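Biologist: I would like to go through this model with you. Shall we take the packing one piece at a time?

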Amino acid sequence: VNEKQLTESMSLAALDEPPLGFDPDTVIDQVIRRRRRTVLVASSGTTAVLVAVAAVAFGGMGPQRLGPATSPAPSPPSNPLVVGDPDMSPGPCPLSMPEVVPPLLAEHFPDVEFDPVPEPYTDPKSQLWLNLLGDNQQFVDVTCRSGPTGSETHHTPKPETVIDESPEPGARLRVLVYESFENRPPQIIGKWTQGERLTLQVSVNGGDTLVATPEKVAALTTEIAEAAR
Amino acid sequence: MRKSDENRFREFAREQSPVLRRTGYLLCGDWHLADDLTQQTLIKLYGAWTRLECSAKPVSYARKVMLRCWLDERRRRWRQVERRDGEVPDGADQAMSPADRQELATLRTALFRSLDELAPRQRAVLVLRFFESLSVTETADALGCTEGTVKSQTSRGLAALRTVIDGESADAMKEFL
């Protein structure tokens, strides 16, 4: 077999092709719908934590750690977030996500190849940074805000809180695990709140490629929060 | 994405989907999987489209994404390896005579049986060089490697093909050509 024969063989093999097995417009419509849904899920998750934090602030219920009791009971945040006017816009993100997020993702998920393009996507309005793995089932998104804001969101199924601690005065770190539902992989969410200065949420939709643990998500959330100092 | 950008992407997708699928087919040897790879490529391209339009190289980028999708597909541990046995998929060209279709099926079987024996990147180099007619530089860019690697992979790939093509397959390919 020489080069010419191979060229001709390949060209002939691709002849007589069957009709396209999909409609490109339908694929694009699906992508648009999925992306909108993903952004909505991330956005609603952020608002949910604000409600939870507000409940702690007003209910006087201190945070607790639900894992192995390896550290002393943390103190409640000294400057908890309050529920703001639902119409109030969130404050700006105190960190430069394009500079901070990609290197940390590469460090924490060294074997994961996110979208080959500079897909990480920031929406300046919602302060959302989205890293997809192509199929929209596995992704990491980071939402970062400052200032008081909040609205009520109901989550089904209810997540399990596996970490709830105060890593430093005035700051609270929680990690919640959502079960797999509707064929979506389980989701682990790290939430860092620090008064009105910072509200950070890191969501990892895991799967075959993107394997995450609550501890890993907690570490990633903490490092992103530290970068916001 | 603005509506105008979206419309341009839709136009691109309609035009390039068949082209991408042909490349996918040569890479994997299965029209159905080639459909899947093309869809994955479109999904990934969508997110980058506004930036790609500025670079004016969306086709080469699409090819790059398609290659990566296929290489990822090969790495999946649950991937089922399918051996082709000469079954002819439903074709669109009804004008082709039954005898020609049979010969084409034999050629396909011989070709894909040989290509299946190559390492994935070696196979990709041969498809890009000899089906897509890309230059060494373009192939290196698509695969993210050096030109020297492309040259050596081409040489080794052709040598491996000669080794794995048995007498019967070689006859089938020569007969049809």
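Biologist: At what angle do helix α5 and helix α7 of chain B pack?
Modeller: Keep in mind that this is a predicted model. Helix α5 of chain B covers residues 120-131, and helix α7 covers residues 147-164. Their axes lie 9 Å apart, and the angle is about 100°.

Biologist: Are α5(B) and α7(B) roughly parallel or roughly perpendicular?
Modeller: Angles of 65 to 115 degrees count as roughly perpendicular. The angle here is about 100°. α5(B) and α7(B) are therefore roughly perpendicular.

Biologist: How many residues of the contact of α5(B) with α7(B) are nonpolar?
Modeller: From α5(B) come residues including Val125(B), Leu126(B) and Phe130(B). They meet a set in α7(B) that includes Val150(B), Leu158(B) and Leu161(B). Arg121(B), Arg129(B) and Arg156(B) also take part. The contact has 3 charged residues, 4 polar ones and a nonpolar group of 7.

Biologist: What pattern does chain A follow along the sequence?
Modeller: Chain A has 4 helices and 7 strands. Of its 229 residues, 50% count as buried. Read along the sequence, the pattern is α-α-α-β-β-β-β-β-β-β-α.

Biologist: Is Leu200(A) buried or exposed?
Modeller: Leu200(A) lies in strand β7 of chain A, residues 198-205. Buried means under 20% relative accessible area. Leu200(A) has 0% relative accessibility, so this residue counts as buried.

Biologist: How far apart in space are Leu200(A) and Thr221(A), C-alpha to C-alpha?
Modeller: Beyond four places in sequence, Leu200(A) touches residues including Val142(A), Cys144(A), Trp192(A), Thr221(A) and Ile224(A). Leu200(A) and Thr221(A) are 21 residues apart in sequence, and the C-alpha separation is 7.6 Å.

Biologist: Why does Leu176(A) count as buried?
Modeller: Leu176(A) sits in strand β5 of chain A, residues 172-178. The cut-off for buried is under 20% relative accessible area. Leu176(A) is buried because its relative accessible area is 6%.

Biologist: What separates the C-alpha atoms of Leu176(A) and Pro159(A)?
Modeller: Setting aside neighbours within four places, Leu176(A) is in contact with Pro159(A), Glu160(A) and Thr161(A), among others. Its partners also include Gln187(A), Ile188(A) and Ile189(A). Leu176(A) and Pro159(A) are 17 residues apart along the chain, with their C-alpha atoms separated by 5.9 Å.

Biologist: How many strands does chain B have?
Modeller: Chain B reads α-α-α-α-α-α-α-α along its sequence. Of its 177 residues, 49% count as buried. It has 8 helices, and the strand count is 0.

Terms used. Residues are numbered from 1 along each chain as its sequence is written. Chains are lettered from A and ligands numbered from 1 in the order in which they are written. This is a predicted model: local features need pLDDT of at least 70, side-chain atom pairs count only at pLDDT 80 or more; totals for chains, interfaces and linings use all residues. Side-chain values use heavy atoms; hydrogens and water are left out. Helices (H or I, at least four residues) and strands (E, at least two) are DSSP runs, numbered from the N terminus. Buried means under 20% relative accessible area, exposed over 50%, partly exposed in between (1.4 Å probe, protein chains only). Contact means heavy atoms within 4.5 Å. Axes are lines fitted to C-alpha atoms, for helices over the stretch in contact, and angles run from 0 to 180 degrees between N-to-C directions. Angles under 35 degrees count as roughly parallel, over 145 as roughly antiparallel, 65 to 115 as roughly perpendicular and the rest as oblique. Ala, Val, Leu, Ile, Met, Phe, Trp, Tyr, Cys and Pro count as nonpolar, Asp, Glu, Lys and Arg as charged, and the others, Gly among them, as polar.
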